[in-house]
Amino acid sequence: MIYTVTLNPSIDYIVEVDDLKLGDLNRMKRDLKLPGGKGINVSRVLNQLGADSTAIGFLGGFTGRFIDDTLREESIKTDFVIIEDDTRINIKLKHGNETEINGLGPAIREQEADALVQKLAGLQKNDIVVLSGSIPPSLGGDFYDRLISVCQQTGAEFVIDTTGEALMKALVHKPLLIKPNHHELAELFGVTIHSKEEIVTYGRKLLEAGAKNVLISMAGEGALFITADEVYHANVPAGTVKNSVGAGDSMIAGFVGTLALHGDPIEAFRAGVASGSATAFSDDLATREKIEQLRPQVTISKQ
């Protein structure tokens, strides 16, 4: 089983206006409400790929019920801890450009945090846990450490998709996969990166620090997959970018889901790139149809 953990989920409220006038009345051209949060995005794309997952994390209030109901309607298994505070709403305001206004998120109480840790205590060897996104301040910066500790105790693999100190601290525990983009990679090491060769150099440093596999997205330049033995490059399929939300989560879902289903890391890389691109070219997350349309366009070469 694949478990996705979203510590600070949201309703993503997407609002489109033709011409934003600050300080004046604006009328929506259209709007859309979607379940949001990086782990939830991973579960939704895994579902499109035919890979079972269970979405867990914290949900509360009428907003939390909307998220849980929507996921269940998509036939995604859920096992969230129900909390006292309301789940947040994030506003994605599209007006030519895109402006994001993210909610603060609920305060998580100690007993609620303990309940989530307990849910993972039943993990089994070969289960995969995807830890995605930021940690709510009320949980403290070491909460991922608690979850990773449970994975190690049970023999489950874990994937972590976060940035900065939380990511660097996790490397010693040998995550199955990490996926920084090239800007995040540079920030991790406090450098400016000018070439693909430098990206490979710093990507290998993440392997040396403990990661088992490293995916690095490079926007229009494609992506790199770095293992202990090889480096592979994938191009980006042709298409018009419509959506900035969830492409990285979709890339992780494509990789993890395909690896779990078929065990082939190169095909997992191809599926990851196709899934990330499919989301970037869509209004919402990638669909199975769009992923399969793009998959043959992904060419992988050994570097």
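User: What stands opposite serine 217 in S13?
Analyst: Alanine 223 in S13 does. This is a predicted model: local features need pLDDT of at least 70 and side-chain atom pairs count only at pLDDT 80 or more, while totals for chains, interfaces and linings use all residues. Residues are numbered from 1 along each chain as its sequence is written, and side-chain values use heavy atoms, with hydrogens and water left out.

User: What makes S12 and strand S13 a pair?
Analyst: Strands are DSSP runs of E with at least two residues, helices runs of H or I with at least four. Two strands pair if DSSP finds at least two bridges between them. S12 and S13 (residues 223–226) have four bridges, in the antiparallel sense, so they meet the criterion. They form a hairpin with five residues between them, and alanine 219 in the turn has a positive phi of about 55°.

User: Why is histidine 233 called buried?
Analyst: Buried means under 20% relative accessible area, exposed over 50% and partly exposed in between (1.4 Å probe, protein chains only). Histidine 233 has 14%, so it is buried. It is found in strand S14 (residues 231–234).

User: How far is the backbone oxygen of glutamate 221 from a polar atom of the histidine 233 side chain?
Analyst: The distance is 2.9 Å.

User: Why is phenylalanine 62 called exposed?
Analyst: Its relative accessible area is 52%, so it passes the cut-off for exposed. Phenylalanine 62 is in helix H2 (residues 61–73).

Technical notes
A polar contact is a pair of N or O atoms within 3.5 Å; within protein, one must be able to donate a hydrogen and the other to accept it, and residues adjacent in sequence count only if both atoms are side-chain atoms.
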